[in-house]
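Please study the display before going on.

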Amino acid sequence: MDRDAQKFHVKVLSTPEANVLFLSGELDLSTAEQFRSVVEPLAGQRTVPLKLNLRELTYIDSTGIGVFVSVLKKRQPEEASFAVQEVPAKIRRLLDMTGLSRHLTIEGGGL
């Protein structure tokens with residue numbers, strides 16, 4: 001398999017309406033810190049909605065799920081908006097199996 005296709009990337013689009021993170025590749029133990037370093041400062045901006053676009057995410061393991069949970073816990077007490085967008089079917093199944101989908105706003109389209 002092409003190693004470049006497996007690499008993890010985060011692209012941030014910040015507007016007054018929302019901070020949108022476009023995730024691509026594999027979010028796992030080896031890339032979770034990279035993701036955490038980008039998402040946590042934005043998660044702290046509770047007045048700006050936070051959205052994760054997962055259209056290009058090909059894989060997520062328990063470490064990546066843990067980062068999602070961390071962000072959710074940071075934003076939930078103040079009812080700060082947090083959503084995932086364009087979730088691929090295999091990622092959606094994992095979110096459903098872990099019960100995380102019950103706590104997330106899941107949007108079909110992009111921003």
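**Core and sheet**

Q: How many residues does the largest nonpolar core have, and which have the most contacts inside it?
A: In soluble globular proteins, nonpolar side chains tend to be buried together. In this predicted model, the largest nonpolar core has 26 residues, and Phe35, Leu52, Leu54 and Phe68 have the most contacts inside it. Two or more core residues come from each of these elements: strand E2 (19–27), helix H2 (32–43), strand E3 (50–60), helix H3 (62–75), strand E4 (82–85) and helix H4 (89–98).

Q: Which residues does Phe68 touch, leaving aside those up to four places away in sequence?
A: With those neighbours not counted, Phe68 touches Leu23, Leu27, Phe35, Leu52, Leu54, Ile60, Phe82, Val84, Leu95 and Leu100.

Q: In what order do the five strands form the sheet?
A: The order is E1-E2-E3-E4-E5, in an open sheet with mixed pairing. Strand E1 (9–14) and strand E5 (105–107) are the edge strands, each pairing on one side only. On average, neighbouring strands of this sheet are turned by 25° against each other, direction ignored.

Q: Are E4 and E5 paired in the parallel or the antiparallel sense?
A: E4 and E5 pair in the parallel sense, over three bridges. Ala83 has Thr105 in E5 as its bridge partner.

Conventions: Residues numbered from 1 in each chain as written. Predicted model: local features only at pLDDT ≥ 70, side-chain atom pairs only at ≥ 80, totals over all residues. Heavy atoms only, no water. Core = buried A, V, L, I, M, F, W, Y, C linked by side-chain atoms within 4.5 Å. Buried < 20%, exposed > 50% of the residue type's maximum accessible area, 1.4 Å probe, protein only. Helix = DSSP H or I, 4+ residues; strand = E, 2+ residues; numbered from the N terminus. Contact = heavy atoms within 4.5 Å. Pairing = 2+ DSSP bridges. Axes fitted to C-alpha atoms, helices over the stretch in contact; angles between N-to-C directions.
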